[in-house]
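Please consult the sequence and the coordinates while reading.

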Amino acid sequence: MDPQMRLLLRLAQWLRHPPSRRTLWILGIALAVSLLLAGLERGFGWPDWLTVDRGPRVVR
């Protein structure tokens, strides 16, 4: 099935049977935290201490 059609069907399902207020709050908070983290990363950059260094590659 086409991904766009699947999204439209899911949205139609949400309109027929809307989620509870608690679920909407949880989704809203998760979205807000994600946008906040993305904004901080874009504004200040990714810290070097959080970057994982790849070790030497071992060929057997």
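Student: What is the radius of gyration of the protein chain?
Tutor: The model is predicted, with local features requiring pLDDT of at least 70, side-chain atom pairs counting only at pLDDT 80 or more, and totals for chains, interfaces and linings using all residues. Residues are numbered from 1 along each chain as its sequence is written, and side-chain values use heavy atoms, without hydrogens and water. For 60 residues a compact globule would have a value near 10 Å, by the rule of 2.2 Å times the number of residues to the power 0.38, over C-alpha atoms. For the protein chain, the radius of gyration is 20 Å.

Student: What percentage of the 60 residues is buried?
Tutor: Buried means under 20% relative accessible area, exposed over 50%, and partly exposed in between, with a 1.4 Å probe and protein chains only. By this criterion, the buried share of the protein chain is 0%.

Student: Is L36 buried or exposed?
Tutor: L36 is located in helix α2, residues 21–44; helices are DSSP runs of H or I with at least four residues, numbered from the N terminus. Because its relative accessibility is 52%, L36 is classed as exposed.

Student: How far apart in space are R16 and L37?
Tutor: R16 belongs to helix α1, residues 3–16. In sequence, R16 and L37 are separated by 21 residues. From C-alpha to C-alpha, their separation in space is 33 Å.

Technical notes
Helix = DSSP H or I, 4+ residues; strand = E, 2+ residues; numbered from the N terminus.
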